[in-house]
Amino acid sequence: MKNLIDYAPEVAEARAKGAPIVALESTIITHGMPFPQNLEMARKVEAEIRAHGAVPATIAVMDGRIRIGLDDAAMEQLARTPQAQVMKLSRADLAVCVAAGRTGATTVAATMICAHLAGIGVFATGGIGGVHRGAELSFDISADLQELAQTPVTVVCAGAKAILDLPKTLEVLETLGVPVIAFGQDQLPAFWSRDSGLKAPLRMDDAAQIARAAAIRARLGLPGGLLVANPIPAEAEIPRTVIGPIVEKALADAAQHRIAAKAVTPYLLQRIFELTTGASLEANIALVLNNARLAAKIAVDAAALENSV
Ligand code: PSU
Ligand code: MN
């Protein structure tokens with residue numbers, strides 16, 4: 001069988017040199033934000049990573065090829081494609097999409113798989129999937145959690161969204177042996193808000209130390225990644241008291257319309273965007289940029305560590 005992966009020239013060069021690379025997901029582009037803000041966000045995030053000394057690699061499957069790093073034309077094509085026409089790829093879907101020659105956007109789980117195949121150890125996103133509210137009845141638990149347990153990639157997010165059941169999400173991550181590290185504070189951040197009201201299991205204040213922790217996990221033979229929860233910048237946050245009732249309303253609407261399975265997260269994000277008249281989207285973009293910055297620093301420190309041994 002032929003090789004399945006295409007590298008952008010910039011990413012291929014960085015790989016050859018051992019230069020720092022940050023992976024980025026594409027579901028946030030196709031299913032997480034509306035056009036054209038999704039495209040603007042994707043471009044800005046890449047620029048932010050370059051400005052902090054690393055090479056961005058946005059990951060997607062296009063016409064059956066796994067692409068590690070997208071050029072601007074591919075990025076725009078993906079950003080303009082309606083949700084219904086692009087597969088939302090998790091671990092279960094990746095091989096089918098490639099075999100069928102189709103186009104798909106990678107979630108956190110699928111992006112981790114592809115990043116690891118490409119030798120990329122750091123990945124920036126907005127929020128991860130988790131245990132949905134009512135999971136005791138729906139069994140809706142994102143495959144992102146299992147992936148963090150088995151694939152050695154450091155994922156920088158802004159915590160998990162309040163659309164999820166955060167205490168249950170933390171419990172599952174603990175069971176799976178995934179380190180959940182709040183960056184620079186004790187509290188677990190909650191995506192649009194800096195504080196979820198829950199204490200994070202772990203805290204770190206320094207990018208270099210996070211890079212060391214990832215390297216030490218590998219040395220210890222522990223599979224799986226690290227989850228870094230980076231609070232949204234204070235000036236961009238929507239306080240919990242404000243976003244809380246909006247989330248409740250969006251969840252009620254989802255239940256009323258019997259939204260299920262893969263459609264749940266995109267539906268809720270879109271509904272919250274409508275209910276906040278766009279404020280949630282602005283916050284979402286600010287936190288992704290903030291995560292890109294931290295991920296770039298971790299990748300720079302990780303590359304320095306690797307090149308020193
Ligand atoms: N968080 C966001 N925007 C997104 C997602 C998460 O702010 O678009 C996407 C990610 O790709 C994540 C996926 O991996 O939703 C989780 O989907 P599910 O809950 O169906 O596993
Ligand atoms: Mn789900």
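Me: Where does ligand 1 sit?
Reply: This is a predicted model, and in it ligand 1 sits in the second largest pocket.

Me: And which elements give two or more residues to the shell around ligand 1?
Reply: These are α2 (27-30) and α12 (264-275).

Me: Which residues come nearest to ligand 1?
Reply: There are 17 residues around the ligand, and the nearest of them are Glu-25, Lys-88, Ser-142, Asp-144 and Lys-161.

Me: How do the residues of that shell divide into nonpolar, polar and charged?
Reply: Nine are polar, four are nonpolar and four are charged.

Me: What is 2.5 Å from an oxygen atom of ligand 1?
Reply: An N or O atom in the side chain of Glu-25 is at that distance. Asp-144 also places a polar side-chain atom 2.7 Å from an oxygen atom of the ligand. For Gly-127, a polar backbone atom lies 3.0 Å from a nitrogen atom of ligand 1.

Me: How much of the accessible area of ligand 1 does the protein cover?
Reply: On its own, ligand 1 has 480 Å² of accessible area, and the protein covers 94% of this.

Me: A change of topic: where is the place of Asp-195?
Reply: Asp-195 belongs to the loop that lies between β9 (180-183) and β10 (202-204).

Me: What separates the C-alpha atoms of Asp-195 and His-257?
Reply: Their C-alpha atoms are 30 Å apart, and along the chain Asp-195 and His-257 are 62 residues apart.

Key: Residues are numbered from 1 along each chain as its sequence is written. Chains are lettered from A and ligands numbered from 1 in the order in which they are written. This is a predicted model: local features need pLDDT of at least 70, side-chain atom pairs count only at pLDDT 80 or more; totals for chains, interfaces and linings use all residues. Side-chain values use heavy atoms; hydrogens and water are left out. A residue is near a molecule or strand if one of its heavy atoms lies within 4 Å of it. A polar contact is a pair of N or O atoms within 3.5 Å; within protein, one must be able to donate a hydrogen and the other to accept it, and residues adjacent in sequence count only if both atoms are side-chain atoms. Accessible areas come from the Shrake-Rupley method with a 1.4 Å probe; for residues, only the protein chains shown count as cover. On a 1 Å grid over the protein atoms alone, a cavity is a set of points where a 1.4 Å probe fits but cannot get out, and a pocket is an open set with protein on both sides within 12 Å along at least five of seven lines; lining residues have an atom within 4 Å of a point. A molecule sits in a cavity or pocket if more than half of its atoms lie within 2 Å of its grid points. Helices (H or I, at least four residues) and strands (E, at least two) are DSSP runs, numbered from the N terminus. Ala, Val, Leu, Ile, Met, Phe, Trp, Tyr, Cys and Pro count as nonpolar, Asp, Glu, Lys and Arg as charged, and the others, Gly among them, as polar.
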